[in-house]
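This briefing covers helices, packing and surface. Please look over the sequence and the model first.

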Amino acid sequence: MTEMIYRVPLFGWMLKEAVQGPTTAKVLFVVNLLLMWLLAIVAFGYPAIILPALVAVPLMFVVLILITKG
């Protein structure tokens, strides 16, 4: 499964380097993700800010349920 993800042309090699590489590669991967998000905000505007928040809502519900479940 991970080999298939690593074969994605523009994203796979960065993800592989972040998982298997040194700490510097991990930091640069996070910086690249933040810069891609900033570029999406510049290109698409307000929806690029709202969509991650909308995706986070169900994830936070699951986290809260797991916390209260014990």
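Contact means heavy atoms within 4.5 Å. Helices (H or I, at least four residues) are DSSP runs, numbered from the N terminus. This is a predicted model, in which local features need pLDDT of at least 70, side-chain atom pairs count only at pLDDT 80 or more, and totals for chains, interfaces and linings use all residues. Residues are numbered from 1 along each chain as its sequence is written, and side-chain values use heavy atoms, with hydrogens and water left out.

- Buried means under 20% relative accessible area, exposed over 50%, and partly exposed in between (1.4 Å probe, protein chains only).
- In H2, the buried residues are Gly-12, Met-14 and Ala-18. They lie on the same side of H2, because they cover an arc of only 165° around the axis; the arc is that of the directions from the helix axis to the C-beta atoms.
- An α-helix has 3.6 residues a turn, so residues three or four places apart point the same way.
- The buried residues of H2 pack against H1 and H3.
- Trp-13 and Gln-20 are exposed residues on the face of H2 turned away from its buried side.

**The loop residue Phe-11**

- Phe-11 sits in the loop between helix H1 (2-6) and helix H2 (12-20).
- Phe-11 counts as partly exposed because its relative accessible area is 30%.
- Apart from neighbours within four places in sequence, Phe-11 contacts Phe-29, Leu-33 and Met-36.

**Helix H3**

- Helix H3 (residues 23-44) has 22 residues, which at 1.5 Å a residue should span 32 Å, and its end C-alpha atoms are 32 Å apart, in agreement. The expected span is 1.5 Å times one less than the number of residues.
- Gly-45 follows H3 and has a positive phi, near 80°.
- Met-36 belongs to helix H3 and is partly exposed, at 41% relative accessibility.

- Val-55, Val-57, Leu-59, Met-60, Phe-61, Val-63, Leu-64, Ile-65 and Ile-67 make a nonpolar surface patch of about 890 Å².
- Patch residues have over 30% relative accessible area and no salt bridge, and nonpolar side chains (Val, Leu, Ile, Met, Phe, Trp, Tyr) are joined within 5 Å. A salt bridge is a side-chain nitrogen of Lys or Arg within 4 Å of a carboxyl oxygen of Asp or Glu.
- Val-55 lies in helix H4 (residues 46-69) and is exposed, with a relative accessible area of 54%.
- Val-57 is also in helix H4 and is partly exposed, at 41% relative accessibility.

Conventions
Patches are made of residues with over 30% relative accessible area and no salt bridge: like charges are joined within 9 Å, nonpolar side chains (Val, Leu, Ile, Met, Phe, Trp, Tyr) within 5 Å. Accessible areas come from the Shrake-Rupley method with a 1.4 Å probe; for residues, only the protein chains shown count as cover. Helices (H or I, at least four residues) and strands (E, at least two) are DSSP runs, numbered from the N terminus.
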